[in-house]
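Dear colleague,

Please find below the structure for your further work. My findings follow directly after it.

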Amino acid sequence: MDLRTVLVVGTGLIGTSTALALRKRGVRVLLADRDEGAVRLARELGAGEEWRPGTPQAEGVDLAVIAVPPAAVATELHELQRIGAARFYTDVASVKGEPIHRARQLGCDLASYVASHPLAGREKSGPGAAREDLFLGRPWALCPTEEADPEAKAAVLRLIELCGANAVEVSAIDHDRAVAVVSHAPHVAASAVAARLADATDVALGLAGQGIRDVTRIAGSDPGLWLGILSGNAGPVAEVLEAVANDLADAASALRALAEGDGTATDEITQLLKRGVAGHDRIPGKHGGPASAYAVVQVVIGDRPGQLARLFQVCDEVGVNVEDVRLEHAPGLPLGIAELSVEPGAAATLTEALHERGWQVP
């Protein structure tokens with residue numbers, strides 16, 4: 001199905017990123033948001049033009065993308081359908097069961113509506129954090145109900161294709177259980193760890209390394225936004241957190257016993273750590289298959305403009321593809337460590353080339 005005009009309602013991170021991705025593919029995009037400042041910024045970023053209901057400009061919309069918090073999806077859908085804003089409708093909220101249930105209660109037309117959810121995001125929010133490539137290669141869940149019209153589903157599939165994502169069809173119930181495990185509960189867990197830092201000593205914070213930054217990165221997201229997400233998926237998230245809490249309680253008991261001289265307590269801790277490794281190894285790799293084992297080349301890099309570009313230029317010159325990169329800054333010093341993940345067979349070639357060009361490779 002061809003999408004010529006798309007209405008995006010809600011110009012936050014996901015809505016504006018969707019608009020930017022569509023604009024890049026030549027789709028006409030109309031923007032709407034109760035926050036006039038957000039619409040203005042999204043428009044200035046090139047995400048589209050402001051939607052004015054009831055005008056000739058607003059006619060002929062193929063698909064409306066509802067990018068509002070989960071609790072507001074059904075109400076927004078009902079209002080948009082009431083005025084006939086578009087032929088078909090979808091939403092991009094990270095919870096699916098509750099919005100669909102509420103839409104039924106309100107009497108929404110479920111034939112023209114197909115719920116969806118792009119599994120992408122950032123710890124930052126708002127249109128200023130939007131990126132046109134946010135969804136590139138990412139899974140995008142598609143949750144059609146029994147009432148969904150095949151044309152409505154085709155329209156949403158085309159949206160996903162235009163945004164560069166990979167469609168994954170799943171029921172709303174299975175979706176909510178899945179994101180509780182891979183997204184929602186981990187966010188709460190990260191917040192619980194980060195909360196310990198609020199009262200940490202300056203000495204502890206001065207010793208903070210990349211590990212604590214990795215574990216707590218997502219804890220910096222908007223609490224109000226996440227309260228809405230967690231409220232809409234409360235049951236499945238609670239189940240996951242209860243299981244995590246049991247593991248942590250058992251680990252704490254074992255560590256307490258170990259501190260008191262019980263050497264056998266290490267067995268329980270070891271088992272949890274091994275289970276963690278097994279779970280980590282199941283996370284898909286960058287192309288969706290099994291995660292690859294890469295070699296890591298560490299390079300000392302100055303905190304100056306152009307350093308990363310120079311580093312990647314060396315990789316290009318010797319034909320080494322960088323599968324992933326991570327930067328770790330040295331506190332108090334104008335330098336850091338760039339960790340380049342490459343295929344194991346390419347590590348020696350890259351290391352030698354970097355040495356020859358004067359880079360410090362520990």
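In this predicted model, helix α10 meets helix α11 through D247, D250, A251, A254, L255 and L258, whose partners in α11 are T266, E268, I269, L272 and R275. By class, the residues of this contact are six nonpolar, one polar and four charged. α10 spans residues 234-259 and α11 residues 266-281; they pack at an angle of about 145 degrees, with axes 8 Å apart. Their crossing is left-handed.

D91 counts as buried because its relative accessible area is 0%, where buried means under 20%. Its side chain reaches the backbone nitrogen of A93 at 3.0 Å and makes a polar contact of 2.6 Å with the side chain of Y113. Beyond four places in sequence, the residues that D91 touches include I66, V73, K96 and H117.

The whole structure contains 17 salt bridges. One of them joins E132 and K24, with the closest N and O atoms 3.3 Å apart. E132 lies in the loop between β6 and β7 and K24 in helix α1, so the pair ties together parts 108 residues apart in sequence. E132 is partly exposed at 38% relative accessibility, whereas K24 is exposed at 61%.

R326 and E339 also form a salt bridge, at 3.3 Å from N to O. Since R326 belongs to strand β10 and E339 to strand β11, this pair ties together parts 13 residues apart in sequence. R326 is partly exposed, at 35%, and E339 is buried, at 15%.

Kind regards

How values were computed: Residues numbered from 1 in each chain as written. Predicted model: local features only at pLDDT ≥ 70, side-chain atom pairs only at ≥ 80, totals over all residues. Heavy atoms only, no water. Axes fitted to C-alpha atoms, helices over the stretch in contact; angles between N-to-C directions. Helix = DSSP H or I, 4+ residues; strand = E, 2+ residues; numbered from the N terminus. Left-handed = near helix turned anticlockwise from the far one by under 90°. Contact = heavy atoms within 4.5 Å. Nonpolar A, V, L, I, M, F, W, Y, C, P; charged D, E, K, R; others polar. Buried < 20%, exposed > 50% of the residue type's maximum accessible area, 1.4 Å probe, protein only. Polar contact = N/O pair within 3.5 Å; in protein donor to acceptor, adjacent residues only side chain to side chain. Salt bridge = Lys/Arg side-chain N within 4 Å of Asp/Glu carboxyl O.
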